[in-house]
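Please look over the structure below. This report covers its packing and the surroundings of its ligand.

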Amino acid sequence: MGGLMAAEVLSRFFEEVLVLEKDALPAQAEVRMGVPQGAHVHSLLVQGRRNLERMFPGLASELIDRGVVCSRGGLEFMTHDEAGWFPRRDIQLPLMLMSRPLLEGAVRDFLKRNARVTIRENTRVEGWTFDGDILVGVVGSRGDAAETIPADFVVDATGRSGNSLSWLEAGGFGPIEETRLEIGTGYASAVFKKPPNWHGAVDGLSISNRDPDTKGGFLFSIENDCWLASLTGRFDQQPPGDPDKFMAFAQSLCVPDFYNWISKGERISPVKVYKAPISRWRRFEKLARQPERLLPLGDALAHVNPVFGQGVTLASAHVMSLWNVLAERVACGGDLNRVARPYFEKVHSFTKTVWENLESVEYRYACTKGERPVDIDMRIAYSRGLRKLVEDDAEVHRLMGGVAHLIHPLEAIRRPDIVARVMRIMQTGTTAATAH
Ligand SMILES: Cc1cc2nc3c(=O)[nH]c(=O)nc-3n(C[C@H](O)[C@H](O)[C@H](O)COP(=O)(O)OP(=O)(O)OC[C@H]3O[C@@H](n4cnc5c(N)ncnc54)[C@H](O)[C@@H]3O)c2cc1C
């Protein structure tokens, strides 16, 4: 996803953009080897949709034509967390629910219409060549044939399991410092056909519970009258790939809704399992010697716990930073050798916000391992107080949703009046309304 978005943005600055993809690309929307996470629920956050629409005007309506399910967050999409179900109300978050292959396929089709862009499939990148600090070429292979492709500028969007760090180190850069969190997350997912007479008022569910129960799930209505059902768990509560055990795990969730829905449907895909044990934030900005004309983005730069549904949006924010930095460069004469520092400054602040916001959920689970921030207990207590406030306050609910969807900064839920009410809850244990 990051590579496709970056190619579109780069085409506004360069005459020829080449996307190198190791997979054979499917003609239909289907899961492929290089993106195994495509079998699992992918929510597109509101900020991610906005960014994508800026890069590919008309994408949202194209997605609707391809059958995505449009759902009103809070009203038709319901969330259960450690405090129970969120109150049912329209929090003005328009959601688009679809499979990852449908989203990726639509974006790729938009990109294919761009005459400056060529997508070369079945081409594996195996390294980079440098002239001093400057990247000058990409080593690629197609079947038995290897070639070095000269390049003025390269974006690394090799994803979560790419091995581009070793190419960087081979060029004399590194080692790259890493901020990491051991989260022990596992997924198991399958597609279910909805029963023909299904007329649910709710399109999707997101279910989690309080530690030590780490089991949860996401159930999304997607294209073709199907549900994509993803079960999740942490550490020793991994969801299973065996179909019968999958159903039993669903039945063991803290609320019955997930199981009740899927047991009425028909499973039409195998159960696929994915492990995401560690969240990583690679600190390229700390490199003493920066490679020039080479920028990493998306999962290659930072990948967080998928349960928060932020990966595509994070990649899109990195691409927006790339866009801004290149536009600034062009405005000052177009020197491509000094984009790394301003780029890393921009992506750093956004990635940091996302990372810090997630910490206050991750560290609620006792098994999470990482460098526990000194103020984390306070942050967790604050977010629990805020959650209580949501019960009575629709505006706070809306703001909290906006922060989760990355359309509002964290400050939105740290407004002085909100802080005062949350502090009161933290002191009294009751909500502002009942404390009066
Ligand atoms: C289980 C799971 C569920 C998720 N759910 C969500 C969600 O709900 N919402 C969300 O926004 N995000 C979600 N994510 C995260 C999301 O999938 C990623 O953040 C997003 O795809 C990042 O984009 P990317 O471009 O960095 O990597 P990817 O989209 O993974 O793309 C990497 C690409 O690089 C290619 N590639 C890799 N190495 C090479 C090479 N050497 N040569 C050539 N090509 C290569 C791969 O084939 C692939 O096409 C989830 C992730 C997982 C694991």
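## Nonpolar cores

This is a predicted model. Its largest nonpolar core holds 87 residues. Within that core, A6, W227, L297, V319 and L322 touch the most other members. Helix α8, residues 311–331, supplies the largest share, 10 residues.

In soluble globular proteins, nonpolar side chains tend to be buried together.

## Contacts of W227

Leaving out residues up to four places away in sequence, W227 touches F192, K194, L219, F220, S221, I222, W261, I262 and G265.

## Helix α1

Helix α1 spans residues 2–10. Nine of its nine residues are buried, so the helix is largely enclosed by the rest of the structure. The buried residues are G2, G3, L4, M5, A6, A7, E8, V9 and L10. One of them, E8, counts as charged.

What do the buried residues of α1 pack against? The helices are α2 (46–55), α4 (100–112) and α8. The strands are β1 (17–20), β7 (117–120) and β11 (154–156).

## Ligand shell

There are 35 residues around the ligand. G2, G34, G159, G298 and G311 come nearest. Two or more residues each come from α1, β2 (42–44), β8 (124–131), β17 (272–282) and α8. The largest share, four residues, is from α8.

How does the shell divide by class? It has 13 nonpolar, 16 polar and six charged residues.

Terms used. Residues are numbered from 1 along each chain as its sequence is written. This is a predicted model: local features need pLDDT of at least 70, side-chain atom pairs count only at pLDDT 80 or more; totals for chains, interfaces and linings use all residues. A nonpolar core is a set of buried Ala, Val, Leu, Ile, Met, Phe, Trp, Tyr and Cys residues joined through C-beta atoms within 7 Å. A residue is buried if 20 or more other C-beta atoms lie within 10 Å of its own, exposed if 12 or fewer, and partly exposed in between; C-beta atoms are placed from the backbone. Two residues are in contact if their C-beta atoms, placed from the backbone, lie within 7 Å. A residue is near a molecule or strand if its C-beta atom, placed from the backbone, lies within 6 Å of it.
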